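Please open the model in your viewer and keep the selection tool at hand.

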Amino acid sequence: MGRDTISEIITSIRNADMDRKRIVRIASTNMTENIVKILLQEGFIENVRKHREKNKDFLVLTLPHRSNSKSPYINFLNLKRISRPGLRIYYNYQRIPRILGGMGIVILSTSRGIMTDREARLKRIGGEMLCYIW
């Protein structure tokens, strides 16, 4: 049985955000590096660095800092896995949904690599919808 690395990334980031942790460590693969690159470009994470430990590569993500830690918990990052190993979901470029009227992003796996919904619409290509982030 294989592992769903995308779900592991999303769960790690969501759990760290809920626990108000600033640093998240995830396993490094080509898929995770591309997804993290999109998160960094869109401003959902502050910094990324690569770390090697016992012949395994890890990505160390720095989440945005929230100044008031005594206030009730409010989600900063909302992530939702859409396509999964048991049920793949594909859309053409015309049917890709807009999250919160364009405030959120959809990460897609296309024939030209992993990209956001905006890039896919501009390039007029569809693909497998990996996750929503808002």
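Begin by selecting Thr62 together with Arg22, Ile45, Glu46 and Asn47: leaving aside residues up to four places away in sequence, these are the residues that Thr62 touches in this predicted model. Thr62 belongs to strand β3, which covers residues 56–62. Its relative accessible area is 17%, and Thr62 therefore counts as buried, the limit being under 20%.

Colour β1 (residues 23–27) by face: Val24 and Ile26 lie on the covered face, whereas Ile23, Arg25 and Ala27 lie on the uncovered one.

Move on to strands β6 (residues 105–110) and β7 (residues 113–116), which run antiparallel and are joined by four bridges. Together β6 and β7 form a hairpin, with two residues between them. Select Ser109 to find Ile114 of β7 opposite.

How many cavities of 30 Å³ or more does a search of the whole structure find? The search finds one. The largest cavity has a volume of about 40 Å³. To display its lining, select Ile6, Ile9, Ile10, Ile13, Ile35, Leu39, Leu79, Cys131 and Ile133. By residue class, this lining comprises nine nonpolar, no polar and no charged residues. Helix α1 (5–18) supplies the largest share of the lining, four residues, while α2 (30–42) and β8 (127–133) each supply at least two.

How values were computed. Residues are numbered from 1 along each chain as its sequence is written. This is a predicted model: local features need pLDDT of at least 70, side-chain atom pairs count only at pLDDT 80 or more; totals for chains, interfaces and linings use all residues. Side-chain values use heavy atoms; hydrogens and water are left out. Buried means under 20% relative accessible area, exposed over 50%, partly exposed in between (1.4 Å probe, protein chains only). Contact means heavy atoms within 4.5 Å. Two strands pair if DSSP finds at least two bridges between them. On a 1 Å grid over the protein atoms alone, a cavity is a set of points where a 1.4 Å probe fits but cannot get out, and a pocket is an open set with protein on both sides within 12 Å along at least five of seven lines; lining residues have an atom within 4 Å of a point. Grid points are joined across faces, edges and corners, and a volume is the space filled by probe spheres set on the points. Ala, Val, Leu, Ile, Met, Phe, Trp, Tyr, Cys and Pro count as nonpolar, Asp, Glu, Lys and Arg as charged, and the others, Gly among them, as polar.
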